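Me: I would like to learn how to read surface and core features in a model of this kind. Could we take them one at a time, with the general idea before the case?

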Amino acid sequence: ADESSDLAIFSQERIQYVQDSLKRTWKELLDKLRAMSASSNDRERRIASVVALCLSYLIYRRVSHAAQRVVVQAIAYSYPFYASFQSLESESGEQKRKWLMYWVTLVLFRIFDKPSDLVLGKGPSAGLMKISFLLWLQSRGCSVLYSTLVQPFLRQHREQFDLILRILWEKVDKAVEDVRRSFLYIETRVKSAIESSQVSA
């Protein structure tokens, strides 16, 4: 019994030692990366960027698919949401235009997001590609996509879209009117039934 207890203590001590060693190594690595990133040497900054990117990718590979979806959604909406607020509060028309283009082009991303899972799969590489695309979209990609793809397409088919929207709104208005008339009819019938029951009583 004493021997097994000694082995258990030894095992716990060894595990703690390994954990402490990994923590120290990780801290030293991060400190080194910070120092290299702040260095005036371009080569050291590039090396630090590559190492940081590789570490981020390795960590990202360990994240579940559900967590990857959360990361993608956060990047797609959180910063653009606040940046759009800032642009609306500022006097910069260029920033307003940029973030309007972003939200328009983001619709394309949402349309092709699910189908792309069938092609790219659901592994970490697919999530990393989506994150890279969203970051590119937020920098200058939205203006590129809008000017080369979205704007020409919508301008070419504007009349058809206007016609479709007009027909849809007419159908919505008709449906709302039909529902309103149905409620009025039901209300009238209920009132008549109540009045009839009161008279007979």
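Me: Is Leu165 buried, partly exposed or exposed?

Reply: The general idea is a scale of relative accessible area, on which buried means under 20%, exposed over 50% and partly exposed in between (1.4 Å probe, protein chains only). Leu165 has a relative accessibility of 46%, so Leu165 counts as partly exposed; this residue is found in helix α6, where helices (H or I, at least four residues) and strands (E, at least two) are DSSP runs numbered from the N terminus. This is a predicted model, in which local features need pLDDT of at least 70 and side-chain atom pairs count only at pLDDT 80 or more, while totals for chains, interfaces and linings use all residues. Residues are numbered from 1 along each chain as its sequence is written, and side-chain values use heavy atoms, with hydrogens and water left out.

Me: What does Thr105 touch, and what does its side chain reach?

Reply: Contact means heavy atoms within 4.5 Å. Thr105, in helix α4 (residues 93-120), counts as buried because its relative accessible area is 0%. Leaving aside residues up to four places away in sequence, Thr105 touches Leu137, Cys142, Leu145, Tyr146 and Val150, and its side chain reaches the backbone oxygen of Met101 at 2.8 Å.

Me: Which residues have the most contacts inside the largest nonpolar core?

Reply: A nonpolar core is a set of buried Ala, Val, Leu, Ile, Met, Phe, Trp, Tyr and Cys residues joined through side-chain atoms within 4.5 Å. The largest has 15 residues, and Tyr102, Leu106 and Leu134 have the most contacts inside it. The elements giving two or more residues to this core are α3 (65-89), α4 and α5, and α5 gives the most, with seven.

Key. A polar contact is a pair of N or O atoms within 3.5 Å; within protein, one must be able to donate a hydrogen and the other to accept it, and residues adjacent in sequence count only if both atoms are side-chain atoms.
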